[in-house]
Amino acid sequence: MASLPQSPPPKSSTISTGRDPHCWSKLPLDLMLMVFEILGFADFERAKSVCSSWYSGSKQSKPNNKIPWMILFPEDKNYCLLTNPEDKEKLYKTQHLGDGFAKSVCLTTCRSWLLMHADYRDMEGNIIIFDEKHNLFILNLLTHERINLPAFKSYYHRLGCPILWIDEKTKDYLVIGKAGPGNLVSFKKGDNSWKRTKLPFSRFLDSLNLVYKDHKLYCLNYEKLHIFDFSGEIPLQVTIPGGLYITRPDCPWQLLLKMYRRKGDMVVTVRGDVLFVWRIRVCKTWAFKIFKMGSSKGTKWEKIISLGDESIILDLGITVLAKDVEGMTSNSIYFNANDLVDEYDENELFIFNIDTRKVERSLQFHFKKKDKSLQFVSSSVTISYARWFLPSFRQE
């Protein structure tokens, strides 16, 4: 099992020490950095092992990651395990993430940042709620930077439909979530306390979907879609062209819902289109139906059969460009099955290929029926849960 960062590569005796201007070990630093800038994580690790000068040059650059990774949360451990689709059999172990990390739960991610909820537990591991106060913090699992957030009271045990956004350069951040019937709470850098935003609807809040993109919060329940602009001091409701305050699409299998496990998720594409994805599971079989919100006067959702050059990362509610990206499958859905998991599952993370209509198992786990936990096949570590995320190794 590898660790982050990796140890220096062994010295090679095959590298020429002469003055040959064409020798790769004598490549000027500016050209070397240009090479590193275009490499993904796996190729970056290989390149820095070429020789000592390349390893030294790699210290001034970061891998250019464009593909979703898998983050695994070991049971009762203060570290995480990371792996990527380019090298599924290799696990990277983070350094110690704090004494309280094992007793915290990851609510969502934003690149390499995690939004964590610190649970209070008794000696038997049962969660204890003190005055319904929530204790949240933001943590960078690569640099170990930590941002503590003020506690707040909520109707729910945890922040519902959590959203995390953070700017890598300025460290400006925004946290949003559902905190009670008809209410959202938000906290951003510079605030003294949590702000509450009243939702325009109060029904079907259990079905609420939230997605944050380009400083806009998309809110969709069974009744309507509303968009809020969070770029200013106060969230402002955005008028949707064409008046598309419309009911989300019905499940295609509505007459047979009692026989299925299903879940609906909103997704915002690279271009800003709003999608709704029905995910349905019968035993070991997965099915997906994708709908796109109409762009004109109509109030209908259009069924789509292809994402083109994009792929959906369902955990984050977004699409990313996937064409010609090594290690990533275009026209696919990267999703997490832990909310529909049962004894039939052998792992939690999947990739659904829309072209072939087949599901690829991303990692192999053994499902332990006794405590409903997961164990990675190549490790003795028991996994509590896992999720897809987009780590940022570059300091933009």
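**Exercises on a predicted model**

Phe288 and Phe335 are both buried (buried means under 20% relative accessible area, with a 1.4 Å probe and protein chains only). This is a predicted model in which local features need pLDDT of at least 70, side-chain atom pairs count only at pLDDT 80 or more, and totals for chains, interfaces and linings use all residues. Residues are numbered from 1 along each chain as its sequence is written, and side-chain values use heavy atoms, with hydrogens and water left out.

**Exercise 1.** Classify the ring pair of Phe335 and Phe350.

Solution. 
- Rings of Phe, Tyr and Trp (its six-membered ring) pair if their centres lie within 6.5 Å; planes under 30 degrees apart count as stacked, over 60 as edge-to-face and the rest as tilted.
- The centres of Phe335 and Phe350 are 5.3 Å apart and the planes are at 15°, so the pair is stacked.
- Phe335 belongs to strand S27 and Phe350 to strand S28 (residues 349-353), so the pair ties together parts 15 residues apart in sequence (strands are DSSP runs of E, at least two residues, numbered from the N terminus).

**Exercise 2.** Describe the surroundings of Ser392.

Solution. 
- Ser392 lies in the segment after strand S32 (382-389).
- With a relative accessible area of 10%, Ser392 is buried.
- Leaving out residues up to four places away in sequence, Ser392 touches Arg111, Ser112, Leu142 and Glu168 (contact means heavy atoms within 4.5 Å).

Note on methods: Helices (H or I, at least four residues) and strands (E, at least two) are DSSP runs, numbered from the N terminus. Buried means under 20% relative accessible area, exposed over 50%, partly exposed in between (1.4 Å probe, protein chains only).
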